[in-house]
Amino acid sequence: MEYVQAFLHEIKFERNYSELTITNYRKDILQFLTFLETEAIPSYIDVGMIEVRNFLQILYTKNYKRATIARKISALRSFYKFLLKEGVVKKNPFLTVSLPKKEIRLPNFFYEDEMELLFSQKLEETPLNLRNIVILELLYGTGIRVSECCKLRVDSVDFYTNTLLVFGKRNKERFVPFGQHARQALKTYLEIARPKLMKHVEPHEFLFVNHLGKSLTARGIQYIFTKWIEDIAEIQKISPHMLRHTFATHLLNRGADLRVVQELLGHENLATTQIYTHVTKDRLQNVYNMYHPRAQKR
């Protein structure tokens with residue numbers, strides 16, 4: 001277990017992996033070690049291609065999703081790469097294993113009229129409601145992740161340039177612009193709502209706070225949006241991450257350049273952003289089929 005802990009320490013402090021990735025990698029490695037114990041294999045040092053194939057066979061038999069299996073392979077490949085570097089093993093048995101192709105799942109998003117419905121809600125101007133409006137404006141208006149939203153600090157906001165300094169995956173920085181609606185909501189929140197919410201706590205610099213004045217968590221933001229939908233019957237399901245999908249889809253629908261959207265979202269690979277072009281094409285096809293007289297069967 002000492003090498004497992006050393007590996008997790010490295011990916012956390014030297015490679016800046018996210019907490020979620022570290023947690024998943026730990027589970028994946030421990031699952032593999034349990035498999036070795038079940039198969040009476042003394043140590044991960046004694047693993048070869050036969051053991052790897054048997055392990056993968058079990059994963060497929062248990063009907064794990066392809067994306068999950070791909071993550072487990074990546075975790076174990078990285079772990080063995082670490083062991084190889086430390087001189088513990090002489091080869092990486094996961095090096096030649098092919099990752100299963102990911103299932104193409106089109107992201108859920110809101111149509112523009114649904115977003116208008118959200119923004120048109122008349123809410124009492126309480127500190128919490130003013131905070132919720134800002135979060136909605138920023139998640140839709142900037143496309144930042146919920147985890148990035150939670151990490152925003154007061155000095156992340158630049159009203160001179162109307163930009164946010166965002167810390168993304170592996171603490172990579174990027175600047176993201178925000179619009180006039182978000183600007184006004186932010187100013188109101190910072191001037192009126194946040195001081196009231198922070199009244200009984202020690203000062204800190206996190207931008208968004210809960211009803212106790214402490215920094216807001218990702219789970220807290222999910223709760224806010226789940227509660228919000230109770231009053232909006234027309235929208236069946238809402239999640240904060242859908243606003244990120246909506247941001248990208250609406251930009252591309254209106255002609256934004258794919259590489260600009262990639263940079264705004266903080267995607268390392270253009271392929272990750274390209275899934276939103278499928279959404280756009282799907283929408284165009286549906287509209288064409290619905291309205292063009294020669295597209296419909298007689």
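**Sheet**

I started with the open sheet, which has three strands in the order β1-β2-β3, paired antiparallel. That leaves β1 (157-158) and β3 (173-177) at the edges, where each has a single partner strand, so one side of each lacks a neighbour in the sheet. For the labels, helices (H or I, at least four residues) and strands (E, at least two) are DSSP runs numbered from the N terminus, and two strands count as paired if DSSP finds at least two bridges between them.

A note on the source: this is a predicted model, in which local features need pLDDT of at least 70 and side-chain atom pairs count only at pLDDT 80 or more, while totals for chains, interfaces and linings use all residues. Residues are numbered from 1 along each chain as its sequence is written, and side-chain values use heavy atoms, with hydrogens and water left out.

**Hairpins**

I then looked at β1 with β2 (residues 163-167): they pair in the antiparallel sense over two bridges. V157 has L164 of β2 as its bridge partner. Four residues lie between these strands in the hairpin, and N162 in the turn has a positive phi of about 55 degrees.

Next came β2 with β3, antiparallel over five bridges. Here F167 has E173 in β3 as its bridge partner. This hairpin has five residues between the strands, and R170 takes a positive phi near 55 degrees.

**Second largest pocket**

I looked up its volume (the space filled by probe spheres set on grid points joined across faces, edges and corners) and found about 470 Å³. A pocket here is an open set of points on a 1 Å grid over the protein atoms alone, where a 1.4 Å probe fits, with protein on both sides within 12 Å along at least five of seven lines; lining residues have an atom within 4 Å of a point. I found 15 lining residues, with F119, E137, Y140, G141 and H181 nearest the centre. The elements giving two or more residues to this lining are α5 (112-119), α6 (127-142), α8 (180-197) and α10 (240-253). Of the elements, α5 gives the most, with four residues.

**Helix α12**

Last, I checked Y291, which is found in helix α12 (residues 270-291).
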